[in-house]
Amino acid sequence: RTRRLNDFGDRKDPKQLPMIIDEIVVRLFNVKRESFYIGRALTEMKELCAHGEFSQKAKEAFGLRSSTINNFMNVYTACMNQPELVETIKPSVLYKITSPGFPKDLRKHLFTNGNHLKEITVKEIRDVCERYKAGEIDENSEEIKALINYQAKSDQFDAHQIDIVECFSV
């Protein structure tokens with residue numbers, strides 16, 4: 001049974017809306033963090049499977065598409081030394097940056113220098129990737145500097161004044 005973050009009061013009362021929003025924010029944060037650990041477990045599972053067995057076993061065991069499985073594993077592999085990145089970057093953007101087709105040197109540059117990557121959209125990162133691969137821009141280009149120095153909005157957790165530790169399963 002899952003314990004609700006704010007398990008008090010009438011949940012149908014409109015005054016409960018801010019607390020429900022807080023709960024969702026925390027749970028989404030937890031989902032993002034867990035994606036790294038799911039990727040690690042899938043990577044370990046793949047290492048233990050005989051050649052050619054992993055995909056089928058993972059699909060049968062978890063009901064996930066191959067692309068979802070690969071996304072988790074790519075995130076783990078690319079963020080192995082910086083797992084906190086998973087918590088700050090939108091999952092769809094993270095999947096794009098950690099995909100095998102994304103330039104490794106650009107990924108490293110973004111991960112090393114980007115304090116506010118959570119504000120980047122998939123379209124922006126896709127466009128930058130395509131232009132980078134075409135040789136139109138490099139790490140010192142204004143487009144990449146703009147992504148890295150993007151002024152982030154105030155953090156959602158600060159805005160909602162959430163104590164993440166309060167969210168757990170029983």
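Let's start where two helices meet: Ser92, Val93, Lys96 and Ile97 of H5 are in contact with Val122, Ile125 and Arg126 of H7, contact being heavy atoms within 4.5 Å. This is a predicted model, where local features need pLDDT of at least 70, side-chain atom pairs count only at pLDDT 80 or more, and totals for chains, interfaces and linings use all residues. Residues are numbered from 1 along each chain as its sequence is written, and side-chain values use heavy atoms, with hydrogens and water left out.

H5 covers residues 91–98 and H7 residues 122–133; they pack at an angle of about 15 degrees, with axes 9 Å apart. The two helices are therefore roughly parallel (angles under 35 degrees). H5 crosses H7 in a right-handed way.

Now over to H1, which takes in residues 17–48. Its 32 residues reach 46 Å from first C-alpha to last, close to the 46 Å expected at 1.5 Å a residue (that is, 1.5 Å times one less than the number of residues). H1 does have a kink of about 25 degrees, centred on glutamate 34; the bend is the angle between axes fitted to the seven residues ending there and the seven starting there.

Which residues of H1 are buried? Among them are Met19, Val25, Phe29, Phe36 and Leu42, where buried means under 20% relative accessible area with a 1.4 Å probe, protein chains only. Threonine 43, also in H1, has a relative accessible area of 15%, so it is buried. Leaving aside residues up to four places away in sequence, threonine 43 touches Met73, Tyr76 and Thr77.

How values were computed:
Helices (H or I, at least four residues) and strands (E, at least two) are DSSP runs, numbered from the N terminus. Buried means under 20% relative accessible area, exposed over 50%, partly exposed in between (1.4 Å probe, protein chains only). Axes are lines fitted to C-alpha atoms, for helices over the stretch in contact, and angles run from 0 to 180 degrees between N-to-C directions. Angles under 35 degrees count as roughly parallel, over 145 as roughly antiparallel, 65 to 115 as roughly perpendicular and the rest as oblique. A crossing is left-handed if the near helix is turned anticlockwise from the far one by less than a right angle, and right-handed if clockwise.
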